[in-house]
Amino acid sequence: MSSLVPYAMVTGTVATLVQLYIIQLGGTVIDVGLTTTLGTAVSIPSVLFWGAISDRVKRRPLIVVSFASTAALLLLFLLTRSVFGVALVYALYCFVSSAPTTPINLLILGTSTRARWASSYARYQLLATVGNTLGLLISSILAVFVPLVFLVILLSGCSFVATGLAAKLIFEPVPPQDADLQGPESTLPTGRGLSPKAGVGGILEILRADFTGHVGVLYSSLLVFYVGTGLTLVVFVPFLHAHGISNSEIFGVSTVNLIVMGASFWYFGGRLRRESFVRNATFCMILRAVTYAALAPAAYLLTGWEFYLAALILTSVATGLVASPLYTITTGMVYESLGTGGRGASLGIYSAVTGACIMLGEFAAGYISFYSGYFVTLIIAGACFGVSALIISKLRSTPLARG
């Protein structure tokens, strides 16, 4: 897992870097939205592809090759000076960088007992958050002294370091001998119909399977949640830039958010209990809704450092404090919903479906922000999180709430 730290320095920084670079090249929030939409659109078939591959090959070589390929691809940013070129390179990056996600999740599923899935995921996210924070912190300092595009040299080097560490440290461990891993006695949904078929058929299968039951309610909530997430992914950087926040300060906001997130993963990782998952997820989504929606009046009423501080505090709550328990809880619930076979492809399908929702939010965010303003986009995002909270609260009387 140590190799995740330098690799996370890359993944936590590239999205912000690309958005700032597009704006520097004269692009608008629509260009930012379309670029991120293209990246997500590429990620959807890629997670299906890599998910299926993960069920057929060993995890270690797949992770190592993807880390090395990411390092090489990042250098292509040095060769482009147009918004279109940046979008194409970013799309290639999204395809390759999505490869390690499913193998890493499978390592968690295969080497941890079911009771420790959530805490193991939290530890994985903590390491990733440490890497994200380091990448953004270093970028926020270097952005004062060097052109944005040259930051990719640093990121490419980090990915090469991650490649070496992964080749040396990652191994194929023997799964734990734990009867509870399969959970035959569990009253939770068994994932009937979630054993996937390739391509569109597999996606339709997962949408049909038990969609009126517990899994359907869970996935409905998460789909709405990820539409809201897509809106915030596009609007955040241009919104701050439009209100006079410098590139270095924008990196600084993201850095503080991740420091808060890392502390939150460390604190909540071993304290979350399955019997409280639904209650805690509902509370986190409501808090996320309120804080993102509050950014709109903050920008209207405040200026200068007052606005910067308000944005820092609100986003630290929404994407730092709240995100860690929320993602840990929902990922634990998704793990519970999987069947016992074809988990790699099932996770790939889940990532593809949520990716489609993120893409919808990203595509809409650019146009809504350009024609109606950032305020409207932020309020809509808050509303999505609120609706998601309402839906997931309906799981209170189900086995997913009782643990």
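## Exercises on a helical chain

T35 sits in helix α2, which covers residues 29-54. Helices here are DSSP runs of H or I with at least four residues, and strands are E runs of at least two, numbered from the N terminus. The model is predicted, so local features need pLDDT of at least 70 and side-chain atom pairs count only at pLDDT 80 or more, while totals for chains, interfaces and linings use all residues. Residues are numbered from 1 along each chain as its sequence is written, and side-chain values use heavy atoms, with hydrogens and water left out.

### Exercise 1: T35 and its surroundings

Task: Decide whether T35 is buried or exposed, and find which residues it touches.

Solution. Start with the cut-offs: buried means under 20% relative accessible area, exposed over 50%, and partly exposed in between (1.4 Å probe, protein chains only). T35 has a relative accessible area of 3%, so T35 is buried. Next, look for contacts, meaning heavy atoms within 4.5 Å. Leaving aside neighbours within four places in sequence, T35 is in contact with V18, I22, A87 and Y90. Finally, check a distance: T35 and Q19 are 16 residues apart in sequence, and their C-alpha atoms are 8.5 Å apart in space.

### Exercise 2: T13 and the two partners of α1

Task: Describe T13, then work out how α1 packs against α9 and against α4.

Solution. Begin with T13, which belongs to helix α1 (residues 4-24). T13 counts as buried because its relative accessibility is 0%. Beyond residues up to four places away in sequence, T13 touches G135, L136, S139, L155 and F251.

Now take the helix pairs. Two packed helices are described by the angle between their axes and the distance between the axes. Axes are lines fitted to C-alpha atoms, for helices over the stretch in contact, and angles run from 0 to 180 degrees between N-to-C directions.

- With helix α9 (residues 214-242), α1 packs at an angle of about 50°, the axes being 10 Å apart. That makes α1 oblique to α9. For the wording, angles under 35 degrees count as roughly parallel, over 145 as roughly antiparallel, 65 to 115 as roughly perpendicular and the rest as oblique.
- The crossing of α1 and α9 is right-handed. A crossing is left-handed if the near helix is turned anticlockwise from the far one by less than a right angle, and right-handed if clockwise.
- On the α1 side, T16, Q19, L20 and I23 meet L233, V234, V237, P238 and H241 of α9. The residues of this contact of α1 with α9 are six nonpolar, three polar and no charged. Ala, Val, Leu, Ile, Met, Phe, Trp, Tyr, Cys and Pro count as nonpolar, Asp, Glu, Lys and Arg as charged, and the others, Gly among them, as polar.
- With helix α4 (residues 83-97), the axes come within 11 Å and cross at roughly 160°. α1 and α4 are therefore roughly antiparallel to each other.
- The crossing of α1 and α4 is left-handed. Here Y7, V10, T11, V14, A15, V18, Y21 and I22 in α1 meet V83, V86, Y90, Y93 and S97 in α4. This contact of α1 with α4 has 11 nonpolar, two polar and no charged residues.

### Exercise 3: Around α15

Solution. Among the buried residues of α15 are S388, A389 and I392.

L222 lies in helix α9 and counts as buried because its relative accessibility is 1%. L222 and I392 are 170 residues apart in sequence, yet 8.3 Å apart in space, C-alpha to C-alpha.

T282, found in helix α11 (residues 277-301), is buried with a relative accessible area of 14%.

### Exercise 4: The chain as a whole

Task: How many helices and strands does the protein chain have, and what percentage of its residues count as buried?

Solution. The secondary structure comes to 16 helices and zero strands. Of the 403 residues of the protein chain, 57% count as buried.
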